[in-house]
Amino acid sequence: MSVYEKPYEVIVVGAGHAGTEAALAAARMGAPTLLLTMNLDTIGQMSCNPAIGGIGKGHLVKEIDALGGQMAVNTDLTGLQFRRLNTSRGPAVRASRAQADKKAYQFEMKFACEQQENLDVRQGMMEQLLVERGRVQGVGVKGGIIYQGRSVVLTTGTFLRGKIHVGDFSYSAGRAGEGAAQKAAEGLVALGFEIGRLKTGTPPRLNGRTIDFAAMEEQPGDEPPRPFSYEVEKITQPQLPCWITYTSDKTHRLIEENLSRSAMYGGYIEGIGPRYCPSIEDKVVKFRDKERHQIFVEPEGRRTLEYYLNGLSMSLPEELQHHIVRTLPGLERAELMRPAYAVEYDFASPTQLLPNLETKRVAGLFFAGQINGTTGYEEAGAQGLMAGTNAVLKSRGEEPLVLDRSQAYIGVLIDDLVTKGTQEPYRIFTSRAEHRLLLREDNADDRLMELGRGLGLVKEGVYGRFLRKREQVRQELARLEAQRVRAGDGRVGEVLAQCGATPIKESATLAELLRRPELGYEQLVQFAPPSAPLLPDAAEQVEAQIKYAGYIERQQTEVDKLKRLESMRIPEDFDYASCARNLSTEARQKLSQIRPRTLGQAGRISGVTPSDVSALMVLVHARQARDRG
């Protein structure tokens, strides 16, 4: 083995969505960083659906961007179609989604990494973690080279002992066409990490020349398209349509008759699959009352005729996949370019991590992405950003960055993982956030950009634009509270009538009118426009803050109460086993395993009751008193 001449502050292993965000964050903080990947040509590859965002996921992307990450910028540069979801519902659940050009996204992310100062990108397969006296020292790669690093971030995706299944045919691979990482998985077991097995899947890809789009429902993008990133002011590239088709009785019969040939139902797969993104076999078996299932036919890029069947993942034999696909309207003569497959892989139980994503077992070693049991590019990118940032802070002996649940969906995601763990691929949803009205897409910059700037991750131009937006919001809120309209104003009455709202009988402020459920900011400015149009996010933020002021205030009050528990630190060496008279057996076991940092985190552990938390509070106070005396 030979030692590479250049030592690094941070080494990131894996260059998927978690790895690229981790490496870019570390390098942007000024840390000499190495990004190590098995294949330079697949940096940032979208292994499954080439799309970014969605309900909850879009919130994560906006937060990654507000903190200075790359995912949103990359999406805006390479997007094929942009849509806002849930626009008719409340502001907490409105979300952004974009279909991306698969190859363009990958090449843009590769270029972003290659040109980033302080970041070296190198091809190589990690086979060994170097650990001395409980602290990581670097990694060894296939071929005998050792790279030294003060912190290491593992973002291994589906490559740890990855195994692909197509019917009864299976082979070792982390992704179609790429090998699995066997020795890396063995190394984690040797270090004492608890390893489990999960499964995910992908649908077939079709030749667009063989698709009858006229038989499907067209789904266009929004006009004008709205950017994801605070750095991008306008989407300039033309949008492409997506299409909708449906499964049929014939589809379902064909699948039911061949369930035994499915890798999942035939007993070939031991890993647990994603609950919220089930295979078509699962849908047919578990939802027998449904006559049909919606399938989205989505383009993979501008310079390819390959199409992705969103909603039709499966692990049936390839020849059977041809017949199943051809039972869908518009796909009667479709030709497969790539078959669907299932992939199972190792993951490390995330309760083995601290809230900064550092492992409890090895100091300076961080995990991010699917190795922690999550599914989705957005969840991976969010963890990567936080792990890369904290890897630098760890190497410099500084306090970690930990976002709480009232501060960001990233905080909800990581707290769920390290506190509760997961037995199946974890996906973020708005319903997971108890304070979701505070965590809207429109105010992600307001919540997080100051933090990102303080870390050196946010560009000055982006920060300047944020300050302008924040001032827009402040001025517009003041105007709406102060400006009044008369009861006899004909234009006001006309707009109210169009919205189905009752006319005003006496003068009212614009804010009072905006609190009416029938009236939105978009209608309000028809008769009372500001001196200059607001940015879309600014307009949404103004409307939410006025319309939902009472709810927001109540949630903020709840957050302030909970922060008292979050601020109460539990000593790292607290002996839970000695508290048999005060804590239940389950509570002692769970608390000893997870070792929460605060009383608030302790209360979120499954099996720890409110009475346990109350008792623990008394015990912690007593311990602190002893330590002081």
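**View 1. Glutamine 219 and its cross-strand partner in the predicted model.** In this predicted model, glutamine 219 lies opposite cysteine 242, a residue of strand E16. The two strands concerned, E15 and E16 (residues 242-246), run antiparallel to each other and are joined over three bridges.

**View 2. The open sheet of six strands.** The strand order across this open sheet is E15-E16-E17-E18-E14-E19, with antiparallel pairing. Direction ignored, neighbouring strands are turned against each other by 35 degrees on average.

**View 3. The second largest pocket and the residues at its centre.** The second largest pocket holds about 1,000 Å³ of space. Its lining consists of 35 residues, of which Arg226, Leu535, Pro536, Asp537 and Glu540 are the closest to the pocket centre. Helix H12 (460-482), helix H15 (521-527) and helix H16 (536-547) are the elements that each contribute two or more residues to this lining.

**View 4. Composition of the lining of the second largest pocket.** Which element gives the largest share of the lining? That share, five residues, is supplied by H16. By residue class, the lining of the second largest pocket comprises 16 nonpolar, four polar and 15 charged residues.

Definitions and conventions. Residues numbered from 1 in each chain as written. Predicted model: local features only at pLDDT ≥ 70, side-chain atom pairs only at ≥ 80, totals over all residues. Heavy atoms only, no water. 1 Å grid on protein atoms, 1.4 Å probe; cavity = no way out; pocket = protein on both sides within 12 Å on 5 of 7 lines; lining within 4 Å. Points joined across faces, edges and corners; volume = space filled by probe spheres on them. Helix = DSSP H or I, 4+ residues; strand = E, 2+ residues; numbered from the N terminus. Nonpolar A, V, L, I, M, F, W, Y, C, P; charged D, E, K, R; others polar. Pairing = 2+ DSSP bridges. Axes fitted to C-alpha atoms, helices over the stretch in contact; angles between N-to-C directions.
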